[in-house]
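User: Hi! I'm new to this one, could you walk me through it?
Analyst: Happy to. Here it is.

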Amino acid sequence: QMGNLRPVLIIGLVFLGYMIWVQWQKDYGPAPKPAATQTQSPSDTASVPSMAEERVADAVDLPTPSDLGTSRPEGKISENLEEVRDKRQLVSVKTDVLEVQIDPVGGTLVSAILLDYPIKQKEPENLVNLLAASGDRMFIAQSGLLSRQQAPNHTSTYRSEKDTYELSDGTDEIIVPLTWVSDDGVEVTKAYVFRRGAYEIDVLHDVDNRSGSDWTGSRYDQLQRSVPGDEESAGFTNPSRYSFEGIGFYNPEDKFEKIDFDDVADEPYKKTSRGGWLAMIQHYFFAAWIPPAEDEVTYTTQAITGNGWPRYVARNVSPARLVASGDSTQFSSRLYIGPKLQDEIPDVASGLEYTVNYGIFTVFSKPLYWLLAKIHSVVGNWGWAIVILTILIKAAFFKLTEAQYRSTARMRKLQPRIEQLKERYGDDRQRMSQAMMEMYKKEKVNPLGGCLPILVQIPIFIALYWVLLESVELRQAPFILWIDNLSVRDPYFILPLLNAAFMFATQRLTPMVGMDPLQQKMMTMMPVVFSIMFAFFPAGLVLYWATNAGLSLAQQWYITRKIAAAD
């Protein structure tokens with residue numbers, strides 16, 4: 001038997017099988033319906049559905065595609081949107097964590113640079129920009145008002161007092177007001193409120209009705225994104241390939257619902273609830289619209305085709321309000337644009353922590369991350385936190401592993417008698433099995449005694465894989481010496497080689513008793529196979545595996561000597 005190498009082999013095979021299943025789902029999952037069945041829109045901005053497609057309080061119609069663009073400043077028809085784009089001046093806002101650009105057309109956020117997150121560790125000046133105004137990676141955050149009367153939507157042009165805003169020292173808040181006025185006296189001020197240290201932005205629509213008649217309308221928020229397709233490199237070693245990228249909806253009743261972009265074309269989403277939010281999610285980062293928890297909001301999706309890549313929209317629409325002449329009202333919502341900071345986002349909105357995609361292993365991954373974060377808060381280094389976590393996990397299963405080794409030792413002693421039974425019964429498998437079970441019962445040996453530790457460690461290993469894969473806190477985190485980024489591969493392959501050395505030493509410690517030559521060759525090759533596989537894994541995961549292999553070697557050496565001394 002191979003003792004300690006058996007769990008290594010089984011865990012490795014299960015893990016590989018799991019990743020192959022994930023890859024199969026991505027490559028050969030249900031195909032989406034043809035995009036031609038979806039709404040064709042010549043505009044480069046998403047249309048808002050008609051009343052027949054949405055439920056809004058007080059039966060207020062939403063503008064149809066042909067109606068969009070009729071609500072303009074001072075009641076005048078604006079120039080063509082392309083011409084407006086060529087002439088407009090974007091409004092720039094900079095805080096201590098965000099640098100955004102707001103398009104006066106719609107007051108739309110078209111750029112959001114995350115100042116603490118470089119794309120590449122060695123290029124700190126090249127920062128992550130979560131949004132994009134156009135192109136195949138277009139990703140924008142839009143909002144507006146809906147009314148039978150004139151109201152500004154995401155194609156209307158606002159006016160801004162300034163083109164540049166910056167959070168100064170000693171200031172904790174920036175308010176960026178944008179104004180729109182109809183020719184009949186309805187004035188709307190759309191204000192973005194930015195706060196120090198926050199990725200959360202308040203978005204306010206103040207409606208002042210001086211038109212001489214009642215005004216009724218609703219607020220809507222939407223995220224719109226182009227998805228050109230899967231351009232990630234092949235293989236399971238690219239972390240972002242397996243992180244969920246798509247649309248997320250949350251409400252207290254149904255909890256979190258994930259929708260792949262391709263699935264929007266199959267069946268548009270529609271649900272009305274309170275206390276929820278919508279988001280577009282990718283690896284490490286996301287954007288989310290969070291309406292007031294007390295509003296009964298209708299959430300929908302929409303797929304738009306036409307020129308260029310398909311675009312997908314996730315939208316929420318608030319209940320309508322009546323604003324009498326001379327009165328005013330305020331519509332509010334919040335926009336989060338930033339990283340999946342697991343200790344902070346639950347305080348932004350209930351359920352927002354579900355944007356961290358641990359999948360079916362959440363029940364294991366969340367407590368593992370919690371423990372890892374607690375260790376990090378003490379040691380201040382994510383690499384050492386992984387090492388200490390591995391030691392704690394190993395200590396927790398020490399007794400189970402000891403039972404495994406004891407069972408393996410007893411099985412090893414029975415190998416000569418098992419060989420005799422094979423010679424005695426030949427090809428009679430039934431009698432052979434009966435004789436072996438009688439022998440196990442007499443010698444008080446459980447042939448499955450070593451399986452429990454293996455079965456327990458498999459979900460923990462895969463859960464830890466997802467923690468290391470999904471946690472933005474570990475993104476570009478340094479360890480020591482040559483390992484300056486735990487989220488990418490070891491640049492010099494030292495950790496994979498160290499793991500191989502531990503596995504080879506374990507093989508020398510545990511003779512291959514009872515194996516045929518083919519099995520012996522396969523087990524001899526296992527360190528080489530694992531080293532090649534781990535050469536391209538994130539260094540954090542290989543650090544865990546190599547630490548585990550080293551501890552296992554020491555543990556097996558100790559237990560084997562203890563058992564030998566007892567005999």
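User: Before we start, what kind of model is it?
Analyst: This is a predicted model, where local features need pLDDT of at least 70, side-chain atom pairs count only at pLDDT 80 or more, and totals for chains, interfaces and linings use all residues. Residues are numbered from 1 along each chain as its sequence is written, and side-chain values use heavy atoms, with hydrogens and water left out.

User: Thanks! How many helices and strands does the protein have?
Analyst: There are 14 helices and 21 strands. Both are DSSP runs numbered from the N terminus, helices being H or I with at least four residues and strands being E with at least two.

User: And how much of it is buried?
Analyst: The protein has 567 residues, and 51% of them count as buried. Buried means under 20% relative accessible area, exposed means over 50%, and partly exposed is in between (1.4 Å probe, protein chains only).

User: Let's pick a helix. Why does the span of H7 agree with what it should be?
Analyst: H7 covers residues 382-396, and at 1.5 Å a residue its 15 residues should span 21 Å; the end C-alpha atoms are 21 Å apart, so the two agree. The expected span is 1.5 Å times one less than the number of residues.

User: Which residues of H7 are buried?
Analyst: Among them are Trp382, Ala385, Ile386, Val387, Leu389 and Ile393. Lys394 is also one of the buried residues of H7.

User: What caps its N-terminal end?
Analyst: Asn381 caps H7 there, with a side-chain oxygen 2.7 Å from the backbone nitrogen of Gly383.

User: Switching topic: which residues make the nonpolar surface patch?
Analyst: Val378, Val379, Trp384, Ile388, Leu392, Ile480 and Leu481 make a patch of about 650 Å². Patches use residues with over 30% relative accessible area and no salt bridge; like charges are joined within 9 Å, and nonpolar side chains (Val, Leu, Ile, Met, Phe, Trp, Tyr) within 5 Å.

User: Which helix gives the most to it?
Analyst: H7 does, with 3 residues. Helix H6 (362-379) also supplies at least two. Val378 lies in H6 and counts as exposed because its relative accessibility is 70%.

User: Now salt bridges. How many does the structure hold?
Analyst: It holds 10. A salt bridge is a side-chain nitrogen of Lys or Arg within 4 Å of a carboxyl oxygen of Asp or Glu.

User: Which residues are linked in a network?
Analyst: Glu173, Arg195 and Asp202 are linked in a network of salt bridges. In the Arg195 to Asp202 bridge, the closest N and O atoms are 2.8 Å apart. Arg195 is partly exposed at 32% relative accessible area, whereas Asp202 is buried at 16%.

User: What does Arg334 pair with?
Analyst: The side chain of Arg334 meets that of Glu200 in a salt bridge, 2.6 Å from N to O. Arg334 lies in strand E21 (residues 328-339) and Glu200 in strand E11 (residues 200-209), so the pair ties together parts that are 134 residues apart in sequence.

User: One more: how far apart are the closest N and O atoms of Glu245 and Arg225?
Analyst: They are 3.6 Å apart in this salt bridge. Glu245 is partly exposed at 29% relative accessibility, while Arg225 is buried at 8%.

Technical notes. Polar contact = N/O pair within 3.5 Å; in protein donor to acceptor, adjacent residues only side chain to side chain. Areas by Shrake-Rupley, 256 points an atom, 1.4 Å probe, with all protein chains shown as cover.
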